[in-house]
Amino acid sequence: MLFFLARRIGVMLVTAFCLTFVVFYLTNIPAKLETLAKTQAGSRISDAEVASWLDRNGYNQPMLVRYGEWLGVARGWTHAADDGAQSGRCYILSGTTEPGAAPARCGLIQGYWGNSTRFRAPVSEVIGARLGATGMLMLWVLIVMVPMALVVGVLAGMREGSRTDRTLSTFAIASTATPEYVSGVVFIALLASSTVGLSPLLVSWGWIEGPVLFQGNARSALDNITFWNFALPVMTVALYGMGYVARITRASMTEVMTQQYVRTARLKGVSFPNIVLRHALRNALIAPFTVIMLQIPWLLNGVVIVEVLFSYPGFGWTLFEAAANNDIELLLAASVVAVLVVLITQLISDIGYVYLNPRIRVT
Amino acid sequence: MDPLSWLDILGRLFVQLLPVWVALVALFAVSITFKRRLGLYGKLFDSTVGMIGFALVMFWVFAALFANMILTHDPLAQFSGMRNAAPGLPLRDPAGGYDYFLLGGDALARDVFSRMVVGAREVLRIAPFAAMISFMIGISLGLPAGYIGGKLDTGLTFIANLVLAFPVILLFFLLVAPEIQDTPIPRAMAGILFLMPVLFFTVLLNARFFTQPPKRNLYVGAVLVIGLWAYSGLAFNADPLGIWGMSPNLLNVFVAVVFVNAPTVFRIVRGITLDIKTRDYVSAAQTRGEGPWYIMLWEILPNARGPLIVDFCLRIGYTTILLGTLGFFGLGVAPESPDWGSTINQGRRLLTVYPHAALAPAFALMSLVLGLNLLADGLREESLKD
């Protein structure tokens, strides 16, 4: 088990290394650096001025050297001005100009994540605050999605081919066919619009006080989460992810229901609910566990879409803003976090699968 | 003139879509009559779910094909006084054209219905094609990885996992950007990705016919001529005759979507190959002295077709969703483009007041993907029966 774990973590680190380099390369292509220079030093500067700005700010070194600097394994660039003041990557990041006052290396490993040009704040602060908001969203999504998916899957799978099965399976298929930007739009139009859908009807009956039933904008959920401002974003993400988990659960459940031990239990005269709950359920839930873990990176997609659609300033919204505004340092940091989330959930799902399934033995 | 009632709108929509209904009825009549002679396709008409899915998919395919007959207005033209018009509102000055905006107007006073129909064409022009290229790449790499195994397998699986570890949305933000279009990156990726189908067909035909050189030379020669001709046009925009070609925008989107899909197909094909290569008919072929490529492409691949066809339908649906995501974030689409994703994106700004502009493409996209998923489900059920 230890060897298996060590190997998995080793592969994970190599993967993280490759992926961060790809991200670094794609965010630091010359065209993007030129855009950065123009947004930082004025949009009308000449090509020569762009080149000198890039030179002064350490952007014209080879890609690999800069990747090393950013990671914190290579020494940060330094640049002595004419008046004796020292400048350099580490000087800027630690906010000093005195020669020798800054550390030699300052990168991801040392905890220097750079500064965001879009939010004018250190990247670590921005990401930290946003991750909390997204964590809240993810938590509620999982709380809604997992039980719903498991119930739908188990109910559909316990009597294969029945009418319940057909109805619930079709529902699961329909939910996988509805991406977040479709269901979100439908939800807003139906429940959060003051002119169409359900809300004007409820207002005219005098059932609700405000103009709309649900809030189409989730920004207020940042301070105070209520059912009315958070239900729509959570439902939107949960709906798309739910169908897939439900289908896996159903497949797993139908397989378990044909096993010998279930037949034995039936022949012994155990009641049907008892068979499902005590004999089948535990074995049927091994496969969905892996899928739920692997679903988390997939939910990340939905989170970006939903946070943009409902203007909820979380991690996904930050990622979108960083990409849209060419905020290189922030995009890099957000990508690292996203990639790490994916890799860690993969690791947990691998370990969990081995742990849950006694038929798999790792030596 | 008065605005139309909802019943009128539905009636007029029905009339406007008449070419689609005629084509659908004809297709279903012919297919059901001859369903016993049509193999897996014919069996599809034994399953209700499969038929519903197929009808939904073909509805949009026919709508895209007959778009010119269905359109009520030019999808890019703006009409005075029709900004955010409600569904069924008459035009102020039809000027000999259609009198109403059947599904209303959008924020730029364009006809929502016409844009939705043309949007189907945009999506169906890219999605099946991208899914096909992804499949050829996944098959060409997955078969040897599963059959030969060893270092090749380890290497290819590592690369596939590398791509799969990227959150899709991040990859899109990084790969589909105007700055990237100016670099050689999309062209280089297209150069590698589009070469795969040419290689696939060359190896496929060579493995089958290399014992009959005249036939082999003819087939492989034809594939190489047509394949490399299309390849030069699609990947490098260097077609001497100018028939094949892709705008940098489209190429960028296409490459990104194929890049995201191919590793998943690779993993599926590799898994199936690992299963099938232990079968007796593979051993028989090995004993006959067949070459590895013949066994992979003419023994293993045909026997893996069931799950692959099912996944192909699902993958077209997933590609449609991905294209919608790209449009939703305004990545890699032309500003006026009528594709469903960007129409939803434009419509969401006034969503709480005028929802029709975003709802029409949203339901269109949902029904197409739902159709593809139901079709896949029907095919899976029918192919499991024998």
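In chain A, 14 residues of domain 1 are in contact with 11 residues of domain 2. Contact here means C-beta atoms, placed from the backbone, within 7 Å. This is a predicted model: local features need pLDDT of at least 70, side-chain atom pairs count only at pLDDT 80 or more, and totals for chains, interfaces and linings use all residues. Residues are numbered from 1 along each chain as its sequence is written, and chains are lettered from A and ligands numbered from 1 in the order written.

Who supplies the domain 1 side? Helices H1 (2–27) and H2 (30–41) of chain A each give at least two residues. Helices are DSSP runs of H or I, at least four residues, numbered from the N terminus; strands are runs of E, at least two. H1(A) has the largest share, nine residues. By class, that side has six nonpolar, six polar and two charged residues. Nonpolar is Ala, Val, Leu, Ile, Met, Phe, Trp, Tyr, Cys and Pro; charged is Asp, Glu, Lys and Arg; the others, Gly among them, are polar.

The domains of chain A are 2–112 and 123–356, with bounds from an automatic or database assignment. Their C-alpha centres lie 37 Å apart.

Now chain B. Here 34 of its residues are in contact with 41 of chain A. Helices H7 (150–164), H8 (168–175), H16 (305–328) and H18 (356–385) of chain B each supply at least two residues of its side. H18(B) gives the most, 10 residues. That side of chain B divides into 23 nonpolar, seven polar and four charged.

Note on methods. Contact = placed C-beta atoms within 7 Å.
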